[in-house]
Amino acid sequence: VFPSLAQAHASVANEVYQELGEPSVFLFCPTEYCSSLCSPSPSQSCYLQTIGQELLPGISVIWTGPKVVSQELSAALLEEVEGVLRRRPVIWDNLYANDYDCRRVFLGPYMGRAPGLMPRLHGLLLNPNCELQANFIPIHTLGTWFQSEMGSCANPDHAGMETAALRDSRGPQEGSYSPQEALELALCDWVAEINRQALEPGR
């Protein structure tokens, strides 16, 4: 029925999207969802070129970065992906995912993401550790990174009120995310949370 897998995927996704009334959030995960799965590269992938051309513009496309689990994300890569998909990608960040090896738990700060990525993103989803409590530091430091990114993106004319609402007195200065400082802040808050839970009746 379809001349290619990409056209089949786009056609089915478009039909479902329209049948649902074109919701404001509709995520599509392509078969080639990271650079290492693209042949020969994201910008030269026939599959992604077709997806970019055929997929309705209101549908968001998920991307994980250079690899399935990407240690780094660069603005240059996101610009390439945006060009071929004809839309900014939604990053599905597997930095902390441990479902492929549950013997490992990832507790470090959110890092390896170049500053100034926000204008290249349509959204960012964090795939966490399978163990609920182990995600305090990942999610906390992601929040600190996000605050820093929002601060650097804020219009200078409105930065005072806008960024004040995004940071508390312990938060990062605008556009100055430090993984080490974010980790220390998360650890302080995590210890306070653990102590609070320890005092609850029945603990």
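**Exercise 1.** Locate Asn127 relative to the secondary structure elements, and determine whether Asn127 is buried or exposed.

*Solution.* Step 1: Asn127 sits in the loop that joins strand E4 (123-126) to H4; helices (H or I, at least four residues) and strands (E, at least two) are DSSP runs, numbered from the N terminus. The model is predicted: local features need pLDDT of at least 70, side-chain atom pairs count only at pLDDT 80 or more, and totals for chains, interfaces and linings use all residues. Residues are numbered from 1 along each chain as its sequence is written, and side-chain values use heavy atoms, with hydrogens and water left out.

Step 1: Asn127 has a relative accessibility of 17% and therefore counts as buried (under 20% relative accessible area; exposed is over 50%, partly exposed in between; 1.4 Å probe, protein chains only).

**Exercise 2.** Which residue makes a side-chain polar contact with the side chain of Asn127?

*Solution.* Step 1: Beyond four places in sequence, Asn127 touches Trp92, Asp93, Asn94, Tyr96 and Ala97 (contact: heavy atoms within 4.5 Å).

Step 1: The partner is Asn94, at 2.8 Å; a polar contact is a pair of N or O atoms within 3.5 Å, where within protein one must be able to donate a hydrogen and the other to accept it, and residues adjacent in sequence count only if both atoms are side-chain atoms.

**Exercise 3.** Describe the surroundings of Thr141.

*Solution.* Step 1: Thr141 belongs to helix H4 (residues 136-153) and is buried, at 0% relative accessible area.

Step 1: Its contacts beyond four places in sequence include Tyr96, Tyr110 and Tyr177.
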